[in-house]
Amino acid sequence: MSTQSVESFNIDYSEQLGFNAVAAQDLKPGDVVICEQPFSYQLTDEYQFQMCDYCYRDASNEIQMKRCTRCKQVSYCSKECQTKHWYLAHKLECKIFAQLSAEQIRYHTRILYRFYFRTMNMLQNEQQQKLDNSNSDSQHFKASNDIHDRGKPTLSQLISMNSSPIPRTVIHTSNDALTLISHKDGMPSEIQYIIQRYALLLLQILKIDPSSAANFFNGASQLEEMKEIFAKCMMNDWEGIGIHNHAHQVALYPHFSLFNHSCSPNVMHSRNRDGSMLCVAIKEIKKGESLFVSYQALKAPFCYRQRNLLRWQFVCNCERCQQNISGQLVLQEMEQQKKQQEQLIGEIEQIDKYKDFKFPLDMYVDALVCECGNPLFRVYQNPNEVTHNGNEEKLNEPFYYICPKCLIPKITQQSEQNIIEDIIDSQGKNYSYQIGKFPQFHSLSCQYAIPSTESIKIYLEMAYLSGQCDHLAQAYKYYIKGRDEVQILFGKSDDAQMLQHIENCTKIIVQIKQKCIDQNIPLE
């Protein structure tokens with residue numbers, strides 16, 4: 001059974017970005033950019049045997065999950081789902097899974113093995129079906145047989161990739177898997193050890209000599225090839241955690257992997273009930289512009305975003321991050337100017353050069369409140385070096401908080417900083433939470449500049465509270481903002497909960513508008 005991607009973007013290539021997605025036409029908010037079925041996927045351990053491995057239906061009193069009688073490692077809600085999953089994935093893995101214990105197949109083991117089985121099976125089938133037509137082969141980019149080189153497309157091959165009309169339907173092939181980047185050599189040693197352990201276990205079950213010649217990569221062993229393919233999967237899979245309403249699935253979408261990261265993306269992603277990845281534009285995007293998604297939660301502070309991105313072995317230099325760094329540098333300059341002027345004329349009240357400077361919104365995400373009422377911003381000792389490739393260790397350097405009015409470094413002790421970081425890490429920011437002797441988080445830390453599930457929640461909460469306080473004009477404004485963002489992100493999805501939000505908000509907006517008309521309350 002094949003899987004596919006329906007997409008409305010083109011593929012570009014550069015030395016810096018490699019393969020990357022660009023707009024094939026002008027896009028407006030809400031336009032669908034891609035809807036891709038997973039190449040490989042698995043249920044997370046928590047949901048194993050509690051959901052159907054094919055359709056994700058939940059177990060209940062009416063619906064009992066039945067395990068595969070052979071391997072006992074997967075379960076289904078119906079015979080129909082079992083048959084479909086057999087031809088999609090389980091046919092290749094059942095005999096192997098039957099030889100593995102539940103402990104051996106925990107965490108991401110299933111998707112790694114499934115990704116490897118499907119890639120190798122596709123390679124074999126494609127080689128059998130291959131026609132002897134060298135002219136046709138030259139028009140299509142093929143993954144390099146060099147395990148250390150992904151290959152580089154020619155101009156004619158790029159044109160061929162983008163030649164069919166959009167939206168174009170693209171069937172997944174082994175090429176989609178083999179052209180993914182792995183970053184294997186740069187992975188932490190503990191991850192490399194896990195990959196090797198999983199690979200040796202599978203080779204042992206398959207009765208394959210680890211040192212024998214690889215199937216695809218020239219000059220590589222079976223062990224090296226399997227580790228490379230596992231690393232490609234581990235580097236590019238997407239966990240449902242953090243994606244609205246899908247904490248149950250780990251999946252890999254090779255064409256979605258062409259979208260690079262930005263902390264201020266122009267495309268937002270979510271998942272349909274069937275596990276497919278849906279991406280929609282959230283801004284006006286011109287034809288030829290790069291398409292960006294966020295690889296992490298949009299509300300995460302600058303320092304956490306940078307640290308989390310080290311999984312993909314890069315640091316972010318997007319406009320949002322650069323604005324944050326610029327604000328940190330301004331604070332350091334103000335701090336230094338104050339010290340110099342104090343030595344000459346004593347106490348000063350402000351630094352005139354930056355009297356009207358507006359600090360970027362991103363700096364408020366982890367900002368606290370100073371005793372004077374102004375924000376306390378986090379500042380690194382060397383902020384301009386944090387996002388330079390190769391300077392990842394700067395993320396672990398000491399930082400402090402400082403107010404642009406007082407200009408006195410605060411919360412400089414590691415123990416104090418750990419308390420704040422633990423709160424943000426473990427429970428997110430509770431904006432009314434008092435951290436012992438520390439100040440509260442700043443109220444502006446809940447503001448977001450682009451549509452997201454976080455901003456939707458805030459708008460709808462503010463709308464409800466405004467309505468409860470009879471601030472009808474304000475409630476009307478927030479409901480419209482919330483409804484419009486839900487419409488952009490989920491209007492073309494199959495998310496029943498979000499579609500119901502659209503309908504409910506529309507009804508409430510009509511009711512509030514009528515109340516305002518009856519009470520002569522202006523809405524503008």
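Mentor: Two strands pair if DSSP finds at least two bridges between them. The model under discussion is a predicted one.

Trainee: Which residue is the bridge partner of Val-267 in E13?

Mentor: Strand E12, residues 267-271, is joined to E13 by five bridges, and the two strands run antiparallel. Val-267 belongs to this pairing, and its bridge partner in E13 is Ala-281.

Trainee: Which residue takes a positive phi in the hairpin of E12 and E13?

Mentor: Five residues lie between the strands of this hairpin. The positive phi there, near 90 degrees, is taken by Gly-275.

Trainee: Which residue of E13 does Glu-36 stand opposite?

Mentor: Besides its bridges to E12, E13 pairs with E4 in the antiparallel sense over four bridges. In E13, the residue opposite Glu-36 is Met-277.

Trainee: At what angle do the axes of helix H2 and helix H7 cross?

Mentor: Helix H2 spans residues 109-129 and helix H7 spans residues 222-236. Their crossing is right-handed. The axes come within 9 Å, and the angle is roughly 115 degrees.

Trainee: How do the residues of the contact of H2 with H7 divide into nonpolar, polar and charged?

Mentor: The contact is made by residues including Ile-111, Phe-115 and Met-120 of H2 and Glu-225, Ile-229 and Lys-232 of H7. The division is two charged, one polar and 11 nonpolar.

Trainee: Why do Phe-39 and Phe-115 form an edge-to-face pair?

Mentor: A pair of aromatic rings is described by the distance of the centres and the angle of the planes. Planes over 60 degrees apart count as edge-to-face. The centres of Phe-39 and Phe-115 are 5.5 Å apart, and the pair is edge-to-face because the angle of the planes is 65 degrees.

Trainee: How many residues apart in sequence are the parts that Phe-39 and Phe-115 tie together?

Mentor: Phe-39 is buried at a relative accessible area of 3%, and Phe-115 is buried at 1%. Phe-39 lies in the loop between strand E4 and strand E5, whereas Phe-115 lies in helix H2, so the separation of the parts in sequence is 76 residues.

Trainee: Is Tyr-364 buried or exposed?

Mentor: Tyr-364 forms an edge-to-face aromatic pair with Phe-377, with 5.0 Å centre to centre and 85 degrees between the planes. Tyr-364 lies in the loop between helix H9 and E15, and Phe-377 lies in strand E16. Buried means under 20% relative accessible area. The value for Tyr-364 is 13%, so this residue counts as buried.

Trainee: What distance separates the C-alpha atoms of Gln-487 and Leu-499?

Mentor: Gln-487 lies in helix H12 and is partly exposed, with a relative accessible area of 39%. Gln-487 and Leu-499 are 12 residues apart along the chain, and their C-alpha atoms are separated by 7.9 Å.

Notes. Residues are numbered from 1 along each chain as its sequence is written. This is a predicted model: local features need pLDDT of at least 70, side-chain atom pairs count only at pLDDT 80 or more; totals for chains, interfaces and linings use all residues. Side-chain values use heavy atoms; hydrogens and water are left out. Axes are lines fitted to C-alpha atoms, for helices over the stretch in contact, and angles run from 0 to 180 degrees between N-to-C directions. A crossing is left-handed if the near helix is turned anticlockwise from the far one by less than a right angle, and right-handed if clockwise. Contact means heavy atoms within 4.5 Å. Ala, Val, Leu, Ile, Met, Phe, Trp, Tyr, Cys and Pro count as nonpolar, Asp, Glu, Lys and Arg as charged, and the others, Gly among them, as polar. Rings of Phe, Tyr and Trp (its six-membered ring) pair if their centres lie within 6.5 Å; planes under 30 degrees apart count as stacked, over 60 as edge-to-face and the rest as tilted. Buried means under 20% relative accessible area, exposed over 50%, partly exposed in between (1.4 Å probe, protein chains only).
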